[in-house]
Amino acid sequence: MTGWHVDEETLARYAHGRGPLSVGASVEAHLLSCARCRALLTPAVELDRLERLWDDVVERVDAPRPGMVERLLRLAGVSEDTARLLAATPTLRASWLLAMAAALAFAVFAAIASGVHERGTLLFLTVAPVLPVAGVAVAFHRGLDPAYEIGLAAPYSQVRLLLLRSAAVTAVTCAAALVAGLLLPERALTAAAWLLPALALTSLTLVLARRVDVIYAAGGVGAVWVVTVVSSHLHVGQFAVFGAAGQLACLAVAAVSLVVLVADRDRYATRLGGV
Amino acid sequence: MTGSVLIEGVTKTFWRSPAVAGADFAAGHGVTGLLGPNGAGKTTLLRMMATVLAPDSGRLRLLGHDPATPSGRLAIRRRLGYLPQEPGFHRGMTVFGFIDYVAILKELTDRRARHDEVRRVIDLVGLAPVSGKRIRAVSGGMRRRVGLAQALLGDPDLVILDEPTAGLDPELRLRFREIVSRIGEGRTVVLSTHQTEDVAAVCQQVVVLHEGRSLFAGTPAALIEQAAGRVWLDRTRGAGAQLAWRNGDGLVRNVGDAPAGAELMAPTLEDAYLLLVGDKELVVTS
């Protein structure tokens, strides 16, 4: 029991959530020890508002706390639901990112340690475009998504999910490869020459994935890429694949693949959708 | 045939081995149980009904739509809940987080409404006390309930449950039966099981599958009726018994062609099922 009571006007303002915060805090402290004021407050509180407030409290307690990847995606302007779907991508998890960083570190180390810059640079340029291909394949392989079958029976477009995850994985992998490329001696070449090949190989893998398992598609594309680089290096000349003609060819492959991808999205839906 | 689920002459073969070799049945509101031994084709049939597998031949019609067309498939998936036989989970997510993730895949994009729906299904399966726990930290039975909860998101008209009670202890099985029975009111639930007790407890209709074919489709009572006059007690195994085992009283319960003057027993669903499937390897003689 206290020796004073909140006046009706202040109590009504408090009940409706109006008035300064300092006054609200003071009223709240008083209400804890004053049954009379609590009794006066009860009929003044709107039930709708009370329910809304309670829902807010429950929401704050229950709602899952976003992980680091999800928070970064939200900061980048990705919507909350899309960020949640992307954060569940196997190849955006720490283990995959560490494996990718290790592969890049190995390529950089090999390039520097070899002492023969051309070969080291060639090794890096061969490896860098394959990483996003592997990332995309793992991101969407049914055996690596534990909730794959549940997702398949859901109405969310599997093609959209594939493209979202592929774009996210490709962006992250390419950013890492870009940084690694700048560490190499031939940085004018290594900084960007692998970008179009990476885009071409990734989009070609997605096109092939409508007919064969994405892992086989990625493996085949990666193998063909390595053979092409090595044979052109031996028979045509150093970095032939990464010259103007090679870049144009990669651009053409990427453009055609993306057109096929968009034009044939129903077939993807059928293949990815299981039925 | 009429109903939410229509299946006519459906077949599916894997590597020259027929998994479903001609299934026919219809299911409407209520709980329909697919009963059959391991390898009978139950999971394959349910996966086709969940739109994740295409039949080789035959006709499927679910909720009035054809799952072979993209638009039909989408329309079905918007009204479908599916619990696979071995549902996978993102184990690092919390119970709430995982169900929320599936809710996004089910196109519940408004955050507040989606979370309300997640809370509803979590309450429905009794997982509220562990909703904040990571899936890797909860028991197998609770994970099973997480699977059921995600299948109930969006209040679907058709719920497909593949062996929902497999591996559960008796208490949890009873809890599951209660939940399944409740969700079967006003919607179509199709579940698979090889437990006749589950069918007897909650199913209004039973489909017996054997070697990929539907041998029976009807009410449990009609299936039991097929075994009337074919179950009897005796001191020894009867000559016409297809199956026989000694019960707790020391008498032999015979199932098969009863001899004249035999002490006939009221058959159970299990008796009728065993007679239909006719697995003679199960014979236990006195």
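Biologist: How many residues of chain B are in contact with residues of chain A?

Modeller: Before counting, note that this is a predicted model, in which local features need pLDDT of at least 70 and side-chain atom pairs count only at pLDDT 80 or more, while totals for chains, interfaces and linings use all residues. Residues are numbered from 1 along each chain as its sequence is written, and chains are lettered from A and ligands numbered from 1 in the order in which they are written. Two residues are in contact if their C-beta atoms, placed from the backbone, lie within 7 Å. By that rule, 36 residues of chain B touch 25 residues of chain A. On the chain B side, the elements that contribute two or more residues are α2 (70-77), β5 (80-83), α3 (95-105) and α4 (111-124) of chain B, and the largest share, seven residues, comes from α3(B). Helices (H or I, at least four residues) and strands (E, at least two) are DSSP runs, numbered from the N terminus.

Biologist: By class, which residues make up the side of chain B that touches chain A?

Modeller: That side has 18 nonpolar, nine polar and nine charged residues, where Ala, Val, Leu, Ile, Met, Phe, Trp, Tyr, Cys and Pro count as nonpolar, Asp, Glu, Lys and Arg as charged, and the others, Gly among them, as polar.

Biologist: How many helices and strands are there in chain A?

Modeller: Chain A has 15 helices and zero strands. Of its 275 residues, 37% count as buried, a word for residues with 20 or more other C-beta atoms within 10 Å of their own, whereas 12 or fewer makes a residue exposed and anything in between partly exposed, with C-beta atoms placed from the backbone. Among contacts in chain A between residues at least 6 apart in sequence, 71% join residues at least 24 apart.

Biologist: What is the order of the strands in the open sheet of chain B?

Modeller: To read a sheet, start with pairing: two strands pair if DSSP finds at least two bridges between them. The open sheet in chain B has six strands in the order β5-β6-β7-β3-β8-β9, with mixed pairing. Its edge strands are β5 and β9 (213-218) of chain B, each of which pairs on one side only, and the twist averages 15° from one strand to the next.

Biologist: Which strands does β3(B) pair with in the parallel sense?

Modeller: Strand β3 (residues 30-35) of chain B is parallel to β7 (residues 188-193) of chain B, over six bridges, and is also parallel to β8 (residues 205-210) of chain B, over four bridges. You can follow both pairings from B:Thr32, whose bridge partner in β7(B) is B:Val190 and whose partner in β8(B) is B:Gln205. Five of the six residues of β3(B) are buried, and the strand is mostly covered. Five bridges also join β6(B) and β7(B) in the parallel sense, with B:Leu158 standing opposite B:Thr188. As for the helices, α6(B) packs on the sheet, touching β3, β6 and β7 of chain B, and its direction makes about 150° with that of β7(B). Helix α5(B) lies across β5 and β6 of chain B, at about 165° to β5(B). Such angles run from 0 to 180 degrees between N-to-C directions, and the axes are lines fitted to C-alpha atoms, for helices over the stretch in contact.

Biologist: Why is strand β12 of chain B described as largely enclosed by the rest of the structure?

Modeller: In a regular strand the side chains alternate between the two faces of the sheet. In β12(B), B:Val252, B:Asn254 and B:Gly256 point one way and B:Arg253 and B:Val255 the other, and all are buried. Strand β12(B), residues 252-256, is called largely enclosed because five of its five residues are buried. Its antiparallel partners include β10 (residues 231-234) of chain B, joined by four bridges, and β11 (residues 241-246) of chain B, joined by five. B:Val255 stands opposite B:Val231 and also opposite B:Leu243. The hairpin of β11(B) and β12(B) has five residues between the strands, and there B:Gly250 takes a positive phi near 90°.

Biologist: Is B:Glu163 buried or exposed?

Modeller: B:Glu163 counts as buried because it has 22 C-beta neighbours inside 10 Å. This residue, in the loop between β6 and α6 (170-183) of chain B, has a positive phi near 50° without being a glycine. B:Asp155 likewise is not a glycine and has a positive phi of about 50°, but with 14 C-beta neighbours inside 10 Å it counts as partly exposed.
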